[in-house]
Protein chains: 2
Amino acid sequence: MSAEFMTDAHQNILEIVRVMQDTLRKSDRKVAAVILADPSRFLSATVAETAMIANVSQPTVIRFCAAIGCSGFQDFRLRLAQALALGTPATHSVLLESDGPATVFDKIFDYTITSLDWARNRIDKETLSHAVEMLVAAKGIEFFGFGASGIVAQDAQQKFPLFGIPCGAQTDAHQQIMTASLMGPGQVAVVISNTGSTRSIIEIADLARGTGAKVIGLIGNTSPLMAHCDVTILIETLDNTDVYTPTISRIAALTVIDVLSTAVAMRRDPAQRTRIAAMKQQLRDLRSA
Amino acid sequence: MSAEFMTDAHQNILEIVRVMQDTLRKSDRKVAAVILADPSRFLSATVAETAMIANVSQPTVIRFCAAIGCSGFQDFRLRLAQALALGTPATHSVLLESDGPATVFDKIFDYTITSLDWARNRIDKETLSHAVEMLVAAKGIEFFGFGASGIVAQDAQQKFPLFGIPCGAQTDAHQQIMTASLMGPGQVAVVISNTGSTRSIIEIADLARGTGAKVIGLIGNTSPLMAHCDVTILIETLDNTDVYTPTISRIAALTVIDVLSTAVAMRRDPAQRTRIAAMKQQLRDLRSA
DNA sequence: ATCTTTTCAGTAGCATAATTACAGGAATTC
DNA sequence: GAATTCCTGTAATTATGCTACTGAAAAGAT
């Protein structure tokens, strides 16, 4: 993770303050300390109040803002408000050996929410619409994925039949090949891959396409697989591949699956809804209380 | 949705503006219109600029702020910043028949992020720590779940072995019974259920407990299942059970799984990490680019 | 160790932005 | 049709954020 990333305008300002704390001037550090101690207190504070709380002069507060990369005190307050809106009261997204479960919890939830936000801002809604069109028109759908993406495929396979579209999920290499080569026109293959460069998944895309089926890619990175799909939905996330960093990509992918299944359902015959209601009732009957 | 809820201080300010739009003065409505049209534009705008854009006088802008329940223009900007941090550019969380894919996308991502935030603020970190303790000490782990919770179970089963803990995931009713009754002391069963009242999952919890194994519950609602677990992690979400509302609960549950697996991994022998690094390398080799 | 240079933090003043007081005008009511 | 109420803009006021400058402290050089 590069240095310029840390000063990125979209980075959580509290995170920036925490990281830069040590490199700051002595007086600026006083400001940083009181802010990190109780960030929400400064949402409605003026420069004068902030200066008083930190026991420094007002220009020092302004200089502090400049030092952490804000264009002024106003800008700082704005970014503080945004940071606090995402909930994060002074959490640090990098996991440390010393972190207890509670801290790990805070950091991972922070990270997940931030990443989802990131993915949302980057997705291309036009290709998404294209994908919905294709799925609405599909006679059948097959989902393909390995590992974490296999989980996403299975999840999709659970959701789509609810709306009257027969579909399957293939997570085994051999099953994938068999299923892909037995597809045909009118059917849609959804290939799911975080890296987009796993060799076998590319082969699957080609196989399916060879039968006349359409191929939609749910891919986490700009990658070779994209060229082998009719429509590619890029789901960009903050996934750094450190050992302890959990894979956020599948969360984003699952949310996209929600979007697709919901959008498709809304486009199809409303009669489906009554059938779903009936099914939900049956599920309820399985429960004791 | 009660009236006092709509003017709640924690409510999304854009939502408030949208709802109150019709009840406003004529000039105020002009202000509301330009803000709703492009909210982010006003993050760094002054009163004078806002007034100019809306073609009204500066005091009107101030009066508009007061009308929608803000204590001033500053306060308004702050709340606008928070609203935009959660991304929601004038979306309405309820899905409408007429919504296109792009709108569905916005709404579902909004909803997912908000719900995750909700879950984060409500989870009990002490029981989470308990669960981590139990998992760290476990000789083996079994995950149980049906349907969407089955997906979560499988995901967990993929993650935990990375850190040297043998485990399995059971999503089939018969397999679940067999596996649960063959557990024993030192082992941990993790039962996953959104409702917490599915009859068979309660039986599984009892079966596992009968063998001397510990039972951890990942449950979405206060429910009967809780009484059958040694430790219960309640994951509260905004899940309303409308037909078109996607199940956010599994996303929250997956994130909790991330937390658990990460926290457990950090507590175990660091030697594991080198083994994981080696494994990741092998995975990389499977890729073409 | 002393002088020079550089960095740092505070005082004072300035410019801009938010707010309030007031007054003319439109809409509503009687 | 007159009176009242409610809007909305002009002008003045206040407070807030920001800049220029100066003295002090720290770092470096001779």
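Guide: Helices are DSSP runs of H or I with at least four residues, numbered from the N terminus. In this predicted model, the helix α5(A) supplies the largest share of the surface near DNA strand C, namely three residues.

Visitor: Which residues around DNA strand C are the closest?

Guide: DNA strand C is surrounded by 15 residues, and the closest are Ser27(A), Arg63(A), Val47(B), Ile62(B) and Phe73(B). A residue is counted here because one of its heavy atoms lies within 4 Å of the strand. By class, this surface has six nonpolar, six polar and three charged residues.

Visitor: What makes the approach of Thr60(A) to DNA strand C a polar contact?

Guide: An N or O atom in the side chain of Thr60(A) is 3.1 Å from a phosphate oxygen of DNA strand C. Val47(B) uses a polar backbone atom, 2.6 Å from a phosphate oxygen of DNA strand C.

Visitor: Which part of DNA strand C does the side chain of Arg63(A) approach?

Guide: A base nitrogen of DNA strand C is 2.9 Å from an N or O atom in the side chain of Arg63(A). Of the atoms of DNA strand C within 4 Å of the protein, 73% belong to sugar or phosphate, and the rest belong to bases.

Visitor: How do you know that Thr60(B) makes a polar contact with DNA strand D?

Guide: A polar side-chain atom of Thr60(B) is 2.9 Å from a phosphate oxygen of DNA strand D. This value is within 3.5 Å, and the pair therefore qualifies. The elements giving two or more residues to the surface near DNA strand D are α5 and α6 (73-85) of chain A, with α3 (26-37) and α5 of chain B. Of these, α5(B) gives the most, with three residues.

Visitor: Why is the pair of Asp155(A) and Arg250(B) called a salt bridge?

Guide: The side chains of Asp155(A) and Arg250(B) meet at 2.3 Å, N to O. A salt bridge requires a side-chain nitrogen of Lys or Arg within 4 Å of a carboxyl oxygen of Asp or Glu, so the pair meets the definition. Asp155(A) lies in helix α9 of chain A and Arg250(B) in helix α12 of chain B, so the pair joins two chains. Side chains of opposite charge can pair when their charged atoms come close.

Visitor: What makes Arg250(B) count as buried or exposed?

Guide: Its relative accessible area is 2%. Buried means under 20%, so Arg250(B) is buried.

Visitor: What makes Asp230(A) partly exposed?

Guide: Asp230(A) has a relative accessible area of 32%.

Definitions and conventions: Residues numbered from 1 in each chain as written. Chains lettered and ligands numbered in written order. Predicted model: local features only at pLDDT ≥ 70, side-chain atom pairs only at ≥ 80, totals over all residues. Heavy atoms only, no water. Polar contact = N/O pair within 3.5 Å; in protein donor to acceptor, adjacent residues only side chain to side chain. Nonpolar A, V, L, I, M, F, W, Y, C, P; charged D, E, K, R; others polar. Buried < 20%, exposed > 50% of the residue type's maximum accessible area, 1.4 Å probe, protein only.
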